[in-house]
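Here are my notes for a colleague who is meeting this structure for the first time. Have it open beside you and take the points in order.

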Amino acid sequence: MAASDSLVTARVIGDVLDPFNTSADLMVLFNGAPIISGMELRSAAVSDRPTVEIGGDDYRVAYTLVMVDPDAPNPSNPTLREYLHWMVTDIPASTDNTYGRELVCYEPPAPATGIHRMVLMLFRQLGRETVFAPARRHNFNTRGFARRYNLGAPVAAMYFNCQRQSGSGGPRFTCLIDNILQAQGSIMFKSRNLY
């Protein structure tokens, strides 16, 4: 298989992408640390925009970077599939995302329930300023997007699994009466979020 076996095992090939041959180097770094396709990360580890380094030696070649969540809002019922978290276009070869045009600003993954696959894909553009931002983030379609802008198959892709900071499942809140304060005849309760 030309694409990473992890993309096949995780059903990224199928749910998001068709099979493709990797033809460009792609390195994703969160807080300066490289990640490997299939890694498990908590939402706090991906709260800041990553640096994405692209290989190559011809500055005239431009790429589009797309990051989606095919499991939004919930892996068992992904009604927002694919949720677009980030899009950068016109990235010259042998540089990183800071040299491109950020068309859709980075929205950090913050899954409320379950483990979500975050997929980063790189497409070679036909020319600069030939790709435009979609109208919305939810129900983005990578295949349709690539067809619309004549991007063809991706030249590289990787994914990581992400879940909320305290584990899988929905947030659990409990109301604890730490202090009962009487102020002008009203009772106030302090609530604490427990994880």
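1. Start with β5 and β6: the two strands run antiparallel and are joined by seven bridges. Strands here are DSSP runs of E with at least two residues, helices are runs of H or I with at least four residues, and both are numbered from the N terminus. Two strands count as paired if DSSP finds at least two bridges between them. Within this pair, V66 stands opposite M87 in β6.

2. β5 also has β8 as an antiparallel partner, with six bridges between them. There, V68 stands opposite V119 in β8.

3. A word on what you are looking at: this is a predicted model, in which local features need pLDDT of at least 70 and side-chain atom pairs count only at pLDDT 80 or more, while totals for chains, interfaces and linings use all residues. Residues are numbered from 1 along each chain as its sequence is written, and side-chain values use heavy atoms, with hydrogens and water left out.

4. How many residues of β5 are buried? Eight of the eight are, so β5 is largely enclosed by the rest of the structure. Buried means under 20% relative accessible area, exposed means over 50%, and partly exposed lies in between (1.4 Å probe, protein chains only). A62, T64, V66 and V68 point one way from the strand, Y63, L65, M67 and D69 point the other way, and all are buried.

5. Now step back to the sheet. It is an open sheet of six strands in the order β3-β9-β8-β5-β6-β7, with mixed pairing. β3 (39-42) and β7 (101-104) stand at the edges with a single partner strand each, so one side of each is left without a neighbour in the sheet.

6. M118 stands opposite F160 in β9.

7. For the whole chain, the count is three helices and 11 strands. Read from the N terminus, the elements run α-α-β-β-β-β-β-β-β-β-α-β-β-β. Of the 195 residues, 42% are buried. Take the contacts (heavy atoms within 4.5 Å) between residues at least 6 apart in sequence: 70% of them join residues at least 24 apart. The accessible surface is about 10300 Å², with 51% belonging to carbon and sulfur atoms; areas come from the Shrake-Rupley method with a 1.4 Å probe, and for residues only the protein chains shown count as cover.

8. Please look at S43, in the loop between β3 and β4 (51-54). S43 is buried, with a relative accessible area of 15%. Leaving aside residues up to four places away in sequence, S43 touches P109, A110, P111, C162, Q163, R164 and Q165. A polar atom of the S43 side chain lies 3.4 Å from the backbone nitrogen of Q165.

9. Some backbone angles deserve a second look. Most residues other than glycine have a negative phi, and most peptide bonds are trans. The bond from A72 to P73 is cis, with omega near -5°, and P73 is in the loop between β5 (62-69) and β6 (83-92). R81 and E82 are also joined by a cis peptide bond, with omega about -15°; E82 is found in the loop between β5 and β6.

10. Is N31 buried or exposed? N31 is exposed, with a relative accessible area of 61%. This residue is not a glycine, yet has a positive phi of about 55°, and its place is in the loop between β1 (26-30) and β2 (33-34). D90 has a positive phi too, near 55°, but D90 is in strand β6 and is buried, at 6% relative accessible area.

11. Last, the cysteines. With a disulfide taken as a pair of cysteine sulfur atoms within 2.5 Å, the count comes to zero. C105 is partly exposed, with a relative accessible area of 46%, whereas C162 is buried at 1%.

Conventions: A polar contact is a pair of N or O atoms within 3.5 Å; within protein, one must be able to donate a hydrogen and the other to accept it, and residues adjacent in sequence count only if both atoms are side-chain atoms.
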